[in-house]
Amino acid sequence: MSSSTLTSAGLVLIATSLPGALLLLLPLPALLLLALLAAFAFTLALLLASVISLIIPPLTDSAPWSLFLVTTAAEALRLALFAATAPLRAKADPEESAAASAARGVAEGVAVGVGFGLMLSLVGYASVLIDGFGGDADTTAIYTDSCPDMNFLAVAAGLALAFSVLHVLLSAAAWAAYGAGWTV
């Protein structure tokens with residue numbers, strides 16, 4: 001194997017390490033299924049934001065509006081996923097303690113965050129790799145004029161990991177808030 005292949009594989013592992021590890025550690029098949037549904041929901045949010053951007057072209061000219069659109073679509077689908085799984089939560093043991101119910105809610109939120117984070121890492125970081133390599137298999141680093149001492153591919157992998165952590169933490173918090181009756 002060439003050094004560029006090993007470097008690329010290492011950077012992909014960095015970008016997907018947290019959601020990938022948590023996906024393997026989810027204790028129940030139901031949580032794994034919830035994580036996969038969340039990954040689909042995040043992909044659907046990206047598709048929805050893309051369609052809206054095509055319908056309203058000025059939105060694609062502004063990065064803040066594009067980010068707002070993607071974030072709004074993702075949060076709407078996170079809330080829809082919570083609502084869609086409500087019948088499953090209603091079937092929970094009625095004698096379950098408040099602490100056990102809260103722990104289950106946090107576990108479900110973490111599973112949703114894992115799905116969102118994994119898709120963000122795969123979709124976002126894969127596009128950076130594809131754009132970066134541009135068909136050149138010998139490329140192991142990209143440097144920009146604004147930051148000539150840092151490898152952009154490594155920075156992008158770190159950012160993908162950071163956003164995965166944010167998705168897991170924010171999903172756990174949102175899931176708990178939704179369960180307590182809070183809405184957006």
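This note walks through the predicted model point by point, from the overall fold to single residues.

1. **Overall layout.** Begin with the elements. The protein has six helices and zero strands. Read from the N terminus, the order is α-α-α-α-α-α. Now look at how the chain meets itself. Take the contacts in the protein with a separation of 6 or more: 78% of them are between residues 24 or more positions apart.

2. **Surface and interior.** The protein has 184 residues, and 33% of them count as buried. Its accessible surface comes to about 10700 Å². Carbon and sulfur atoms hold 75% of that surface.

3. **The largest nonpolar core.** This core has 22 residues. Those with the most contacts inside it are L34, L81, V112, F116 and W175. Which helices supply the core with at least two residues each? They are α2, α3, α5 and α6. Helix α2 gives the most, with eight residues. L81 shows how such a residue is placed. Leaving aside neighbours within four places in sequence, L81 is in contact with L34, L37, A38, V112 and W175.

4. **A second core.** There is also a separate core of seven residues. Among them are Y125, L153, A156 and A160. Find these in the structure, then compare with the core in point 3.

5. **Helix α2, inside.** Helix α2 covers residues 29-55. It has 27 residues and reaches 39 Å from its first C-alpha to its last. That is close to the 39 Å expected at 1.5 Å a residue. Its buried residues are L31, L34, A35, A38, A39, A41, F42, A45, A49 and S53. Trace their spacing along the helix. An α-helix has 3.6 residues a turn, so residues three or four places apart point the same way.

6. **The salt bridge.** How many salt bridges does the structure hold? It holds one. The side chains of R78 and E75 form it, at 2.6 Å from N to O. Side chains of opposite charge can pair when their charged atoms come close. R78 and E75 are three residues apart in helix α3 (residues 63-84), so about one helical turn separates them. R78 is buried, with a relative accessible area of 2%. E75 is partly exposed, at 27%.

7. **E108, a buried glutamate.** E108 sits in helix α5, which covers residues 98-133. Its relative accessible area is 11%, so E108 counts as buried, the cut-off being under 20%. What does E108 touch, leaving aside neighbours within four places in sequence? Its contacts are L31, L34, R89 and W175.

8. S121 is found in helix α5. It is buried, with a relative accessible area of 1%. S121 and T16 are 105 residues apart along the chain, yet their C-alpha atoms are separated by 5.8 Å. Beyond four places in sequence, S121 is in contact with A15, T16, P19, A126, A160 and S164.

9. S164 lies in helix α6 (residues 152-179). It is buried, with a relative accessible area of 0%. Not counting residues up to four places away in sequence, S164 touches A15, L18, P19, G117, L120 and S121.

10. **Helix α6 and what follows.** Helix α6 has 28 residues. From its first C-alpha to its last it reaches 40 Å, close to the 40 Å expected at 1.5 Å a residue. Just after α6 comes G181. This residue takes a positive phi of about 95°.

How values were computed: Residues are numbered from 1 along each chain as its sequence is written. This is a predicted model: local features need pLDDT of at least 70, side-chain atom pairs count only at pLDDT 80 or more; totals for chains, interfaces and linings use all residues. Side-chain values use heavy atoms; hydrogens and water are left out. Helices (H or I, at least four residues) and strands (E, at least two) are DSSP runs, numbered from the N terminus. Buried means under 20% relative accessible area, exposed over 50%, partly exposed in between (1.4 Å probe, protein chains only). Contact means heavy atoms within 4.5 Å. The expected span of a helix is 1.5 Å times one less than its number of residues. Accessible areas come from the Shrake-Rupley method with a 1.4 Å probe; for residues, only the protein chains shown count as cover. A salt bridge is a side-chain nitrogen of Lys or Arg within 4 Å of a carboxyl oxygen of Asp or Glu. A nonpolar core is a set of buried Ala, Val, Leu, Ile, Met, Phe, Trp, Tyr and Cys residues joined through side-chain atoms within 4.5 Å.
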